[in-house]
Amino acid sequence: MSLLIRRYLVVFFLFSALPAVLSPALAQSKNRAPGFSDLAKEASILVMTPDVELYSISAGGVIEPKADWTESAQRHLQASLQTRMTGSQLKVQFLPEEDGDAFAEISALHAAVAQSIALHHLSGGNLKLPTKNDQMDWSLGDAVTPIRQKHGADYALFVWFRDSYASSERKAAMFAMALLGIGISGGIQVGYASLVDLKNGQVLWFNRLLRGTGDLREQAPATETVNALLNDFPAVAAR
Amino acid sequence: MKRRQWLHMGCAVCASLAAGGLLAQGDLDYAPPERLARPDAASDEGGLWAMMDREEKNLRRSGLLLRDEQLNRYIQSLACSLAGEHCGDIRVYLVRTPQFNASMAPNGSMQIWSGLLLRVANEAQLAAVIGHEVGHYLQRHSLARLRDIRDKAALGQVLGLFGIAGLVGQVALNATAFAYQRDHEREADRIGAVLMHRAGYSVEESAKVWDGMLQEMRARDGDGATVSPLFATHPPTPERRDSLSAIAALLPGGSAGTESYLTRVSPFLDDWCEDEVKRHQFSESVALFSRLMVASPVAGLMQCYRAEAYRLRGADGDDERALSDYRLATRDGAPLAKAYRGIGLIERQRHRNSEAAQAFRRYLELSPGAPDAGLIRSYLESA
Amino acid sequence: MKYLIVMVAVVVLAGCGSVRKVETGTNKVGERFSMQLEGPWNHVDFPGIKPGQLWTMEGITVDELIIYAGIKDGQVMHPDNAAQTKKQNVVFRRDMPTEKIVSMFESVMTRDDSVFKLLRIEPSSFAGRKGFLFEFERIRRNDNLRQLGFGYGAVDDGELFALVYVAPALTFFPRHQARVEAIAHSALISPPVGAAAPVAILPPPVRVSIGMPGQRLPAVSTAARAVAIPEPK
Ligand SMILES: [Zn+2]
Ligand SMILES: [Zn+2]
């Protein structure tokens with residue numbers, strides 16, 4: 001059951017970083033649903049509240065969830081998304097805070113699906129799902145219908161982040177260990193973004209960040225992070 | 001693991017090694033501080049509060065929260081009677097989780113788990129636990145521990161780079177962390193005792209909480225999970241019970257409040273017992289239900305669940321023990337559906353078909369819509 | 001610097017998990033368990049899943065079909081996992097009555113402190129034998145995802161044969177339920193080597209779809225997560 005699997009997921013995710021490191025350009029064509037190219041002109045998009053958690057890793061490897069960092073990350077992401085999406089020629093609206101509870105289950109569903117897309121599709125290799133025929137073919141189905149009914153948007157953008165940062169003591173320890181040939185974690189940024197068609201739940205476009213850089217605690221690097229995540233975000237159709 | 005450690009740091013009825021020591025009346029003149037103001041958001045304490053606020057928001061959305069209004073009001077007002085003028089800063093959340101735990105966050109949100117509510121016998125015992133947690137809150141122990149852990153973890157990593165010397169260093173660090181926590185626990189116990197005494201509860205009852213936990217721990221199934229996540233790191237000791245007894249001698253009088261407590265919690269006992277058995281730590285459950293059966297108005301229900309624990313454990317002689325408990329629990333015709341189902345299941349395995357059929361019929365009468373009604377009906381037909 | 005760990009992990013763990021296509025048609029799992037597939041599935045293999053076999057349509061973080069093909073008397077269910085979570089092993093016994101077998105599955109699925117609620121358990125023919133079915137709701141502790149699931153099982157010659165499917169209650173459970181039902185209906189246990197064929201093959205089970213249960217459990221949240229072990233990153 002999933003609990004059996006989760007222990008190995010981390011390992012899979014680390015493994016899955018390799019192709020991204022070696023050939024980032026390859027990822028381009030893999031990020032779209034079959035048959036999808038551009039967004040409809042004059043379409044509206046609802047940006048869901050980003051699901052984000054930040055952690056610190058102390059010198060001793062103690063992982064602490066950092067609510068204050070998380071809160072600033074939330075603010076910075078919101079601001080960066082606002083800027084980034086406003087330039088997209090779409091009608092952009094943001095999910096109001098008070099709707100967070102109502103759509104919490106859909107957000108959890110998105111996170112589960114995003115992890116599978118990252119693991120089985122973007123990572124590729126021997127973790128590909130043969131039944132998906134190498135296509136990014138995932139759909140949240142009618143689970144998204146309540147979002148469309150409430151907000152009347154054509155698309156939704158889901159964003160998910162887990163990010164950790166090493167203390168300076170830990171960075172020193174990492175360096176020392178590296179001299180001995182032992183690698184220890186200094187914090188990894190994992191981010192997912194999914195563009196979902198609210199008519200049928202299809203994930204039209206998906207991207208993942210998995211890297212040792214990036215920082216959501218400050219506005220400028222958070223903007224860099226959002227731009228990196230949405231780098232290949234689909235354009236609006238020319239006519 | 002790390003997160004767990006950290007979150008509990010707040011924390012909880014940490015079993016301490018609080019030694020008896022010499023107590024004088026003067027130690028017990030505790031004067032609580034002024035109401036705590038919200039710390040500066042940029043400080044480490046502010047960070048701690050912000051994190052706890054977020055946890056609290058998630059807690060409010062939790063499906064595990066016991067939302068019964070009367071029960072919540074009852075326990076919140078018990079907390080208020082202990083916390084005095086800090087009452088308005090303390091928010092109690094009841095969580096449906098079958099383990100013995102209570103914890104206090106520095107921002108004033110307190111969790112009490114249903115496994116604890118099942119295990120305490122009266123208001124005074126619950127007051128002892130809540131008073132202890134309020135003590136941690138008033139003395140801002142979480143913050144001290146946050147700083148302590150952070151400093152030591154940094155030091156430990158550096159020491160860890162140097163082989164055996166590092167190993168010795170680690171041991172020394174663990175020892176100091178332990179001593180540090182012990183001081184907090186001793187202090188929280190002492191404050192809790194004073195607060196419950198002032199609220200009119202019998203301090204003697206607080207020692208009984210630990211006595212009960214000791215009995216349960218001795219019954220642990222090998223290396224299985226413990227009844228409380230807290231005892232994984234530091235087990236409750238007789239010393240703690242003894243030091244509380246010593247304090248009780250200095251703070252005599254007060255009431256236990258057994259009946260008023262059981263009246264309030266009895267509608268929930270069935271669910272909590274069911275959750276307890278579902279932990280699959282049957283020997284602990286047997287010890288627990290045995291204790292809860294003693295001189296209790298709810299002895300029949302507890303005996304029925306002890307039988308469930310025996311039946312599911314299935315060791316040599318357990319079926320006989322279970323049958324005997326089920327029969328005693330229902331000897332006055334008490335409408336305990338589970339007891340009849342249990343009798344039926346055991347008799348069926350022994351091929352005593354008419355006994356099984358009789359018990360199954362009674363079960364289905366009492367509980368026609370149970371999730372396993374289909375299975376039991378098929379057993380009845382084939383009996 | 002951070003890529004260092006990535007490289008270490010790749011070297012140590014490459015080849016540790018893999019996915020294989022399960023083709024349409026007759027499929028044999030283990031020595032004497034087989035089923036008919038109307039469409040292909042993905043078989044995900046990785047350490048720790050034994051003694052089950054894991055299939056998925058959408059990915060392992062979404063839906064899981066676990067196949068048990070002949071669990072023997074005294075065999076431990078998912079021993080690796082029990083050790084990691086410091087909970088007791090559950091062991092299959094050939095004389096276990098149905099309620100105890102289901103309780104064994106429940107215990108496996110709640111090892112991570114997920115919330116499990118049994119919705120139904122009743123006798124059902126399965127794979128040509130007298131067996132049972134059970135339905136449940138589960139709230140996955142790790143991410144509060146609400147799932148629905150069901151299982152079929154039967155004991156033959158002292159060995160347990162079973163299928164358990166679990167998927168998110170939203171979208172995915174309803175999407176794949178019928179497909180998994182069809183697999184369950186087509187399952188067959190062949191007699192142990194050297195034994196005579198069974199006297200009669202029972203008809204496949206007939207049952208109504210559970211769909212979405214009327215009563216919805218709200219999502220579990222951090223209260224509980226206070227004791228959960230976090231995902232390392
Ligand atoms: Zn304490
Ligand atoms: Zn503690």
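Among contacts in chain C between residues at least 6 apart in sequence, what percentage join residues at least 24 apart? The share is 55%, where contact means heavy atoms within 4.5 Å. This is a predicted model, in which local features need pLDDT of at least 70, side-chain atom pairs count only at pLDDT 80 or more, and totals for chains, interfaces and linings use all residues. Residues are numbered from 1 along each chain as its sequence is written, chains are lettered from A and ligands numbered from 1 in the order in which they are written, and side-chain values use heavy atoms, with hydrogens and water left out.

**Chain C**
- Chain C contains five helices and 13 strands, taken as DSSP runs (helices H or I, at least four residues; strands E, at least two) and numbered from the N terminus.
- Of the 233 residues in chain C, 60% are buried, meaning under 20% relative accessible area (1.4 Å probe, protein chains only).

**Domains of chain B**
- Chain B is assigned domain 1 (3-19 + 38-256) and domain 2 (263-382), with bounds from an automatic or database domain assignment.
- In chain B, 21 residues of domain 1 are in contact with 19 residues of domain 2.

**Interactions between the domains of chain B**
- Three salt bridges are counted between domain 1 and domain 2 of chain B (a side-chain nitrogen of Lys or Arg within 4 Å of a carboxyl oxygen of Asp or Glu).
- A salt bridge joins the side chains of B:Glu276 and B:Arg119 at 2.9 Å, N to O.
- Helices H3 (69-83), H4 (114-119) and H8 (204-218) of chain B each supply at least two residues of the side of domain 1 that touches domain 2.
- H4(B) gives the largest share of that side, four residues.

Note on methods
Buried means under 20% relative accessible area, exposed over 50%, partly exposed in between (1.4 Å probe, protein chains only).
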